[in-house]
Amino acid sequence: METNIVLSSKDRELFGITIRQETKTGFLSISDLQKSYDVARWQHGWTDRKISDVMQTTVFKDSVFYLLEKQGVIKANRMGFMEQVENEGIAKVLKGLGVYKTTGARDTKSTYANMYIWLLIALELNPIMKSNVVMWLGDSLIFDRVE
């Protein structure tokens, strides 16, 4: 039986919040990303922004379509995908495609996503967050792993 270990080390911190990652799926925690944004928002005086709002934008939906198409996750055309998203909602469609999930209940509830979708969301939150995420990925997750 395979165990899905959740990685949570110091080098996975973004604005002081450890971004958890599942070993089995490679999914990163959307919940931790929101917490990280909220911490940075208070530190820098940013406006309140929710990931669920970012996911409702046309730019995000378009980006997700092309990303999933490139990964071979979907074969539908853009219009069909957008129609499905309009009818069912982006989160439900992504869950159906197996690239987004919610685990736990009440106090332990967490949302996870495919690392590329996580990255799309992180890059849309704020320009400072975007630059920190790029550095975090490059320094903490790539260069440190090479060493």
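**Labels and their grounds**

Modeller: Arg-106 lies in the loop between strand S6 (100–103) and strand S7 (110–113), strands being DSSP runs of E with at least two residues, and helices runs of H or I with at least four, numbered from the N terminus. This is a predicted model, in which local features need pLDDT of at least 70 and side-chain atom pairs count only at pLDDT 80 or more, while totals for chains, interfaces and linings use all residues. Residues are numbered from 1 along each chain as its sequence is written, and side-chain values use heavy atoms, with hydrogens and water left out.

Biologist: Why does Arg-106 count as exposed?

Modeller: Its relative accessibility is 75%, and exposed means over 50% relative accessible area, buried under 20%, and partly exposed in between (1.4 Å probe, protein chains only), so Arg-106 counts as exposed. Arg-106 also has a positive phi of about 45°, although it is not a glycine.

Biologist: What makes Ser-110 buried?

Modeller: Ser-110, placed in strand S7, has a relative accessible area of 7% and is therefore buried.

Biologist: Why is H3 called roughly antiparallel to H6?

Modeller: The axes of helix H3 (residues 58–71) and helix H6 (residues 115–125) come within 10 Å and cross at roughly 155°. Axes are lines fitted to C-alpha atoms, for helices over the stretch in contact, with angles from 0 to 180 degrees between N-to-C directions; angles under 35 degrees count as roughly parallel, over 145 as roughly antiparallel, 65 to 115 as roughly perpendicular and the rest as oblique, so H3 is roughly antiparallel to H6.
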